[in-house]
Amino acid sequence: MTVFIDGDGCPVVDIAVKSATTAGWDCVIICDTSHHIEKADAKTITVSQGADSVDFALVNLIKAGDIVITQDYGLAAMCLARRAFGINQNGLVYTNDNIDALLTQRHTARKVRSAGGRLKGPSKRTPEQDRAFEKALSSLLNQIE
């Protein structure tokens, strides 16, 4: 089993790599040429820059039972369709029960921005968010084993 990290803009790469290797899982970071990330205990795959290039590379590599760390709801939906598990940087585990609402939320936000509206961005990341992610990932790793 493998933990895949959507490396483009992921704030928890170090925590994810450490948790995966501690649990005995392989870890793969996928990023494009503008976000190259190297970690000693993880394999890095770098793909060409382009809209969704990382997402499509990742979806083509995952297998049922793998874990994908991403904040992209569209990618999470594709992972669920491939029977992989998805989790975001704050510890939210994507499921068939919550993905439709998250995709609807994303679509609504895009419509607001397209109409010239502005939405408040995320607040500064806190240590509590890192701890929540680590706890949720560890639980998921142990649940799947």
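The model is predicted, so local features need pLDDT of at least 70 and side-chain atom pairs count only at pLDDT 80 or more, while totals for chains, interfaces and linings use all residues. Residues are numbered from 1 along each chain as its sequence is written, and side-chain values use heavy atoms, with hydrogens and water left out.

Start with the whole chain in cartoon view. It has five helices and six strands (DSSP runs numbered from the N terminus: H or I of at least four residues for helices, E of at least two for strands). Followed from the N terminus, the order is β-α-β-β-α-β-α-β-β-α-α. The radius of gyration, taken over C-alpha atoms, is 15 Å, close to the 15 Å that the globule rule gives for 145 residues, so the chain is as compact as a globular protein of that length. The rule is 2.2 Å times the number of residues to the power 0.38.

Show the C-alpha atoms next. They fill a box of roughly 45 × 30 × 30 Å along the principal axes.

Now select residues 53-61, which form helix H2. Which residues of H2 are buried? They are Ser 53, Val 54, Asp 55, Ala 57, Leu 58 and Val 59; buried means under 20% relative accessible area with a 1.4 Å probe, protein chains only. Across the chain, 41% of the 145 residues count as buried.

Definitions and conventions:
Buried means under 20% relative accessible area, exposed over 50%, partly exposed in between (1.4 Å probe, protein chains only).
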